[in-house]
Amino acid sequence: VGEKVQAVYLWWHKPVINKELLQSLPNLKVIVNSGVGMDHLDLKLVASFGVKMANVPHAVSSSTADAGMALLLASARRLVEVHNISISPSMEYCEADILGVKVAGATLGIIGMGRIGYKIALRAKAFEMNILYHNRTRRKAQEEQAVGATYCKEIDSLLQQADFVMVVVSLTPQTHKLIGKRELELMKPTATLINIGRGAVVDQEALVAALQTGVIGAAALDVTSPEPLPRDHPLLKLKNIIITPHLGTKTDKTSYMITEEAVENILAALNGLPLPSEVLPS
């Protein structure tokens with residue numbers, strides 16, 4: 001059926017798009033990804049076959065921002081830890097020294113102020129947080145003012161000031177291990193690192209060491225590298241971390257919206273119209 005296929009809709013990185021598949025689909029016009037990140041695709045290879053590409057940024061932004069804030073709050077108030085205490089057979093009372101971190105008045109540093117990052121800022125404002133952000137391009141003044149965000153041209157400045165650092169960037173050669181040993185050591189020893197971008201944006205070996213030695217206070221990850229982590233990975237043995245299995249977009253309504261946005265892009269490509277969410281090779 002290869003000659004009949006004109007569109008491919010990727011769900012959870014499947015099917016794998018490689019040269020052999022592209023050669024077997026001579027009439028392919030478009031590939032649409034059911035998410036924002038395109039790091040699993042060789043964009044230049046796909047483009048060399050004359051195939052257009054699109055993602056679904058509008059559908060996933062709100063639910064991913066919700067997941068980011070959920071991880072922040074869960075880590076700050078140690079929800080997983082105290083849940084396990086609460087359901088323990090030996091539970092008699094909660095220790096007085098199980099103290100969380102106050103979110104209101106704390107400083108949130110957002111690395112990556114795109115559509116998702118900005119929605120996180122909107123949510124953080126409602127929690128009375130001070131907001132810093134680092135981005136390749138600065139937001140408009142009115143956008144900054146709307147959420148009370150301060151731009152940090154240098155990432156180091158953000159890392160040194162933030163109580164919570166939220167990583168929201170896509171994985172590219174430039175962002176691979178963007179947060180490494182040096183960056184973690186710039187953070188406050190009480191700070192929390194939250195990653196909802198891609199696992200490989202953070203140097204996981206450096207993160208393990210930082211969490212074990214108190215370089216930073218805690219971490220909350222919705223993404224790892226690989227996914228899932230091997231069952232003997234040292235990150236899984238730490239108490240000062242929360243890990244969720246890439247659930248950023250996993251809600252019932254979001255899944256429906258993702259498919260709608262994908263179909264909109266597919267129909268545009270098949271009808272020779274501009275793709276609403278076209279992704280071009282860099």
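How exposed is Tyr9, in terms of relative accessible area? Tyr9 has a relative accessible area of 28%, so it comes out as partly exposed. Keep in mind that this is a predicted model.

## Aromatic pairs

Searching the whole structure turns up two aromatic pairs.

The rings of Tyr133 and Tyr151 make a tilted pair, because their planes sit at 50 degrees, and their centres are 5.2 Å apart. Here we're looking at strand S5 (residues 130-134), which holds Tyr133, and strand S6 (residues 149-151), which holds Tyr151, so the pair ties together parts 18 residues apart in sequence. Are these two tyrosines buried or exposed? Tyr133 and Tyr151 are both buried.

## The sheet

S5 and S6 also belong to an open sheet of seven strands, and its order reads S6-S5-S4-S7-S8-S9-S10, with parallel pairing. At the edges are S6 and strand S10 (241-243), each of which pairs on one side only. Going from one strand to the next, the twist averages 15 degrees.

Now zoom in on strand S8 (residues 192-195) and strand S9 (residues 218-221): they pair in the parallel sense, over four bridges. Ile194 stands opposite Ala220, which is in S9. Helix H9 (residues 204-213) lies across S8, S9 and S10, and its direction is at about 140 degrees to S9.

## H3 against H10

Two packed helices are described by the angle between their axes and the distance between those axes. For helix H3 (residues 57-76) and helix H10 (residues 252-270), the angle is about 160 degrees and the axes are 8 Å apart. H3 and H10 are therefore roughly antiparallel, and their crossing is left-handed.

Which residues of H3 and H10 meet? On the H3 side they are Pro57, His58, Ala59, Val60 and Ser63, and on the H10 side Thr254, Met257, Ile258 and Glu261.

Thr249 sits in the loop between S10 and H10. With a relative accessibility of 17%, Thr249 counts as buried. Leaving aside residues up to four places away in sequence, Thr249 touches Val60, Ser63, Thr64, Thr254 and Ile258.

How far is Thr249 from Leu10, in sequence and in space? The two are 239 residues apart in sequence and 15 Å apart in space, going from C-alpha to C-alpha.

## H3 against H5

H3 also packs against helix H5 (residues 115-126), at an angle of about 45 degrees and with the axes 8 Å apart. That angle makes H3 oblique to H5. The crossing of H3 and H5 is right-handed.

From H3, the contact takes in Pro57, His58, Ser61, Ser62, Thr64, Ala65, Asp66 and Met69. From H5, Arg115, Ile116, Lys119, Ile120, Arg123 and Ala124 take part.

How values were computed. Residues numbered from 1 in each chain as written. Predicted model: local features only at pLDDT ≥ 70, side-chain atom pairs only at ≥ 80, totals over all residues. Heavy atoms only, no water. Phe/Tyr/Trp six-rings, centres within 6.5 Å; stacked < 30°, edge-to-face > 60°. Buried < 20%, exposed > 50% of the residue type's maximum accessible area, 1.4 Å probe, protein only. Helix = DSSP H or I, 4+ residues; strand = E, 2+ residues; numbered from the N terminus. Pairing = 2+ DSSP bridges. Axes fitted to C-alpha atoms, helices over the stretch in contact; angles between N-to-C directions. Contact = heavy atoms within 4.5 Å. Parallel < 35°, antiparallel > 145°, perpendicular 65-115°, else oblique. Left-handed = near helix turned anticlockwise from the far one by under 90°.
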